[in-house]
Amino acid sequence: MAKVQVLNVAVLDNPSPFRNPFQFEITFECMEDLPEDLEWKIIYVGSAESEEYDQILDSVLVGPVPAGRHMFVFQADAPNTGLIPESDAVGVTVVLITCTYRSQEFIRIGYYVNNEYTDPELRENPPIKPDYTQLQRNILASNPRVTRFHINWEGSAERMEDSENVDPSSNSMLPPSCLPGKAPPIGILPDNSMDCL
Amino acid sequence: RLGKAPDWSTHRKPIFSVDIHPDGTKFATGGQGEDSGKVMIWNMAPVLREEDEKNEDVHKMLCQMDNHLACVNCVRWSNNGLYLASGGDDKLVMVWKRAAFIGPSTVFGSSSKLANVEQWRCVTILRNHTGDVMDVAWSPHDVWLASCSVDNTIVIWNARKFPEMVTCLRGHTGLVKGLTWDPVGKYVASQADDHSLKVWRTVDWQMEANITKPFNECGGTTHVLRLSWSPDGQYLVSAHAMNNSGPTAQIVERDGWKTNMDFVGHRKAVTVVKFNPKIFKKKQKNGSSNKPSCPYCCCAVGSKDRSLSVWLTSLKRPLVVIHDLFDKSIMDISWTLTGLGMLVCSMDGTVAYLDFSLDELGDPLSEEEKNSIHQNIYGKSMAITNTEAQLSTTIIENPEMLKYQQQRQTSTQTNSAPGTVGPESSAPKLNSVMNGESLEDIRKNLLKKQVETRTADGRRRITPLCIAQLDTGDFSPALFNSVPILPSGSSMSNQLTPHLSSDSSPGQPSSLGFRPSHDPMLTSPPANSLKALEDNNEGVKSTLLLTSASKIEPIKALDSRFTERSKATPGLTAAITSTAGLTALDSSTPAQKECKLKEDTSSDSEDKMASINKNLMYSKRKPELMIDGGEVVEKRKKGRPRKEKMTTSMVQSFTQVSMEPSVFLEVENEVTVVAGSKLSQLRCSKDGRDWNTLLPSSTLESVEDRMLSVFSSCGRRLLPAIQLATPVSALHCTAHFVMVVTAGATLSVWDVQKQKALVRNESLQSILSGTDTSVSQSLLTQQGVPVVGLSNGKSFCFSSSLETWSLIADKADSLVQCADFRGCLSSHDAPVSSGPLAVMQGRYLNAGRLASRLSSTPHHMQQSMTLAFLENQLASALTLQSGQEYRYWLLIYSRFLVNEGSEHRLRELCKELLGPVHTSATTSWEPTTVGFRKRELLREVLPVIGENLRFQRLFTEYQDQLELLRNK
């Protein structure tokens with residue numbers, strides 16, 4: 001059960017010129033106080049053909065997150081046009097908002113983005129080299145695609161058993177038991193620590 | 001009347017499970033969602049009544065939860081209706097509870113834009129199964145929750161203490177696909193793909209019976225094997241069994257687990273059997289001979305052959321068979337609690353409602369009659385007597401009584417918040433204002449206003465704005481500057497999602513489309529005409545995208561990006577690791593400190609002076625440490641620290657009289673040496689007022705010289721030094737009483753005010769019966785009653801009026817552990833944890849700890865154990881003269897008597913509290929007890945009695961007498 005539920009994402013400043021920053025107002029609800037921050041990312045898909053052209057526009061930590069309903073605005077600069085294949089500049093692509101907790105992604109919100117020239121002339125005869133100053137970005141805000149992943153919300157001590165949705169690479173990168181200071185060295189934590197309470 | 005309710009409003013996915021809420025107002029379905037499992041809660045009214053169906057203001061869907069990762073195989077309401085349990089292919093069991101004060105909201109990103117009218121939240125996740133969970137079942141009284149899985153196991157969970165696991169039943173060698181409890185909670189039965197049906201005892205969780213014969217022939221598999229136990233407990237009916245190569249539902253008799261009968265007729269395997277919760281008797285027709293008929297049960301059987309049959313155990317042939325109701329296999333059946341309605345769900349994504357009349361089924365027995373059947377067969381009553389159903393027919397004779405009944409009803413309503421679903425419940429009124437600012441204003445400036453900081457490693461960190469706090473007790477306490485989410489929140493969520501609600505396209509099926517047919521129940525209703533609206537929502541996405549035209553292919557490629565998880569970015573994760581490390585270190589520091597404190601405390605208690613309430617001890621730590629560590633030891637270089645410590649803590653217990661936390665005591669021995677005689681100084685400072693006294697050096701050290709001095713809080717000597725026979729081992733002062741336990745095992749108590757001995761050198765020998773027992777704890781109550789706790793767990797108090805020792809607590813007492821009075825605890829009287837009785841019995845009274853495990857012990861045993869325990873408590877509190885505790889236990893006791901229906905005891909109690917109405921010279925009745933006027937107590941007890949209609953005569957009787965006495 002996800003401790004964090006995204007209730008709404010409002011796309012602000014939309015449609016807007018291509019070079020304007022992305023702005024998403026995110027409302028989410030949390031079931032209980034989170035000891036760690038959430039990490040949000042905006043990923044711009046440069047080309048449908050390959051993940052190679054994905055750009056992480058920005059990532060922020062959000063916290064502290066006590067139990068309750070919260071909102072914040074996530075603003076990120078427009079993608080680096082130099083990294084976008086010219087053939088993919090105009091047309092439909094995707095922007096993704098992801099959220100991770102303890103470096104496990106638990107929600108992915110995708111929007112179709114349509115980049116097109118506002119000038120009918122340009123629309124008819126688009127220049128070979130895209131003119132980003134003339135492009136308008138239109139995020140299809142009404143049709144978010146939300147994918148939720150099951151993650152281990154508890155401390156990393158107990159590892160989630162089903163690895164169905166857990167990216168194996170993130171697992172190998174971060175063996176949870178090796179987190180410094182997380183696993184108490186044997187003998188230091190007194191057995192009677194409960195008595196202190 | 002047969003109605004067909006549809007599906008998931010947008011597209012048709014299999015529905016695996018259906019269950020009607022005990023109050024009959026809603027039902028839950030479970031099945032496959034878009035990319036997750038789905039649990040949905042629906043309003044029952046539109047299913048039952050056509051006018052509600054047509055009324056657009058009546059919500060059809062109340063809530064949908066897509067938290068399950070994979071298909072939901074089973075949904076079940078708890079018997080009390082407060083919880084919903086769901087189990088799915090994601091190996092999880094989730095338990096849901098309604099969050100009372102949160103307004104409607106949508107599931108973000110879900111294609112249906114319907115708001116959740118009710119909010120159901122997952123309160124606990126039960127993880128243990130290593131395979132798909134196929135069925136879940138609540139035990140009678142919601143003591144346990146059982147779940148079974150394709151991992152071949154059944155797990156029993158403690159439903160009163162989730163996520164505690166009671167046991168895991170192993171023994172099946174195949175996928176376990178169905179569960180059922182017997183109606184008195186003595187057995188749980190399971191059916192599995194291993195061609196067996198097993199019955200397990202709840203006493204020891206061992207296998208009672210293993211039935212294989214009827215299943216030997218079974219080939220092929222069904223998705224579920226939902227078996228069912230008859231409401232009278234006499235029969236267990238299995239799902240898929242075979243008899244002469246025909247599929248059957250096997251009837252297993254409780255008596256000897258005989259398998260002689262079965263329900264025959266289905267063409268394919270039986271997937272689900274569900275007994276009607278009611279027991280019926282033949283309807284008495286006018287004119288027919290009134291010969292008493294045997295009560296019978298009613299059972300519905302659903303099969304893979306898509307047909308449904310309903311049987312009465314009194315008939316040889318099915319009451320009705322309905323073919324071709326669905327396109328695919330029947331998956332689950334649920335009866336209403338009234339026994340007259342039934343929901344059936346199917347793989348084809350539809351749910352059908354069937355409505356029976358009393359003429360068809362017979363007259364349902366009342367709960368009372370059902371109870372008496374259970375009592376006759378099993379010797380224990382099913383339900384506590386004050387069930388609504390049973391009392392609904394009783395006439396309320398007394399207006400006062402009516403008041404209490406109504407109060408009770410409203411309080412239960414607010415507690416369980418069943419909520420009326422319909423137009424009236426959604427009366428939105430926007431007041432989501434925070435600190436005078438509307439949410440709209442906040443949103444306008446959110447970007448500018450939100451707090452953004454940089455972490456040590458330079459990352460952006462945004463502090464989110466808390467716009468509402470969560471309501472339920474299951475969640476963390478309130479936050480500053482936040483507003484609770486109000487029930488009127490519907491408009492708020494509308495506000496939040498303007499673009500979402502605005503774009504619900506006209507192409508969307510107008511809500512749900514329940515389409516009842518009014519054909520009488522026939523064997524073959526025109527199923528196809530009953531189909532729910534086909535959804536035409538598929539096109540939405542593409543139409544909206546039409547403006548962008550051109551690239552259809554890339555969109556397909558892009559689509560996959562929505563669901564694939566991104567590769568984690570290494571740099572960022574590293575940062576998180578380091579912060580995690582830091583916080584862990586931080587949190588370990590206070591823990592260490594606490595341990596240190598703990599050590600100190602324990603070393604002190606060696607002095608045998610740790611007789612003060614542990615709590616006080618803790619709060620006194622600081623001053624005490626100051627005395628010990630600071631001045632005294634420093635000044636007295638050649639002193640004897642150990643003894644001094646004793647003295648200080650001893651005197652400190654004296655200062656409890658003043659109840660001031662900041663009292664400093666200092667003792668200096670051998671301050672002045674005058675002509676060879678040593679003097680000690682005792683200095684006490686309180687709120688800046690100091691006093692000090694010079695004493696002959698040894699007086700305070702009563703250990704050596706056996707002298708006891710008593711001072712007032714200002715330092716006045718109250719009593720001349722008292723000479724004791726043997727050294728003091730424990731000393732207490734409470735109010736104006738002083739208690740001394742000497743090393744010679746005697747106890748004395750003096751009343752300083754009256755300068756009188758209450759207890760004089762009473763020997764402890766009589767209670768220190770054994771050789772090994774010693775005094776571990778002693779205590780003096782505010783009323784001057786001495787209490788002594790022994791190392792063997794028993795506690796005694798000396799009653800000066802009876803002049804005897806009385807046992808008030810025994811930690812080894814098995815009664816304590818078996819008593820189950822939690823149902824009688826009222827929320828508004830907080831447990832008395834500070835009274836002497838509570839202190840001696842341990843702060844966390846373990847009463848009832850075993851109780852939940854004992855539901856298999858006969859009810860009357862448990863009842864008498866609880867009764868005995870509560871009466872012990874009452875008597876002890878009385879002897880201790882602990883008024884508050886007496887009152888507390890009195891209320892619990894009377895509530896228990898009311899619940900259990902012990903009228904004789906209740907009457908005697910009332911009589912005792914009321915006393916004689918007419919005073920005469922000879923009456924010896926005391927109007928007060930332990931500081932309470934008895935009649936006032938009776939006034940408090942009466943509302944409790946008023947809660948059970950059965951006692952309305954008793955209530956009226958005493959109510960009138962109290963009124964009479966008041967007017968006198």
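User: Which residues do ring pairs link into a cluster with A:Phe22?

Analyst: This is a predicted model. In it, ring pairs join A:Phe22 with A:Phe18, A:Phe24, A:Tyr44, A:Tyr111 and A:Tyr132. Over all chains, the structure holds 27 aromatic pairs.

User: What makes the pair of A:Phe28 and A:Trp40 tilted?

Analyst: The angle between the planes is 45 degrees. Stacked needs under 30 degrees and edge-to-face over 60; the rest count as tilted. The centres are 6.0 Å apart, and the limit for a pair is 6.5 Å.

User: Why does this pair tie together separate parts of chain A?

Analyst: A:Phe28 belongs to strand β3 (residues 22-30) and A:Trp40 to strand β4 (residues 38-45), so the pair connects parts 12 residues apart in sequence. Both A:Phe28 and A:Trp40 are buried.

User: Why is the pair of B:Trp77 and B:Trp120 called edge-to-face?

Analyst: The planes of B:Trp77 and B:Trp120 meet at 70 degrees and the centres lie 5.3 Å apart, so the pair is edge-to-face. The cut-off for that class is over 60 degrees. B:Trp77 sits in strand β6 (residues 72-77) of chain B and B:Trp120 in strand β9 (residues 119-127) of chain B, 43 residues apart.

User: How do you know whether B:Trp77 and B:Trp120 are buried or exposed?

Analyst: Compare the relative accessible areas with the cut-off. B:Trp77 has 5%. B:Trp120 has 7%. Buried means under 20%, so B:Trp77 is buried, and so is B:Trp120.

User: What makes A:Arg137 a charge over the ring of A:Phe22?

Analyst: The charged end of A:Arg137 is 3.7 Å from the ring centre of A:Phe22. The distance limit is 6 Å.

User: How many residues of strand β6 of chain A are buried?

Analyst: Eight of the nine residues in β6(A), residues 68-76, are buried, and the strand is mostly covered. For chain A, 57% of the 197 residues count as buried.

User: What makes β3(A) and β6(A) paired strands?

Analyst: Nine bridges join β3(A) to β6(A), and the two run antiparallel. At least two bridges are needed. A:Glu29 stands opposite A:Arg69 in β6(A).

User: Which strand of chain B is joined to β6(A)?

Analyst: Strand β34 (residues 465-468) of chain B is joined to β6(A) by three bridges, and the two run antiparallel.

Note on methods:
Residues numbered from 1 in each chain as written. Chains lettered and ligands numbered in written order. Predicted model: local features only at pLDDT ≥ 70, side-chain atom pairs only at ≥ 80, totals over all residues. Heavy atoms only, no water. Buried < 20%, exposed > 50% of the residue type's maximum accessible area, 1.4 Å probe, protein only. Helix = DSSP H or I, 4+ residues; strand = E, 2+ residues; numbered from the N terminus. Lys NZ or Arg CZ within 6 Å of the ring centre and 35° of its normal.
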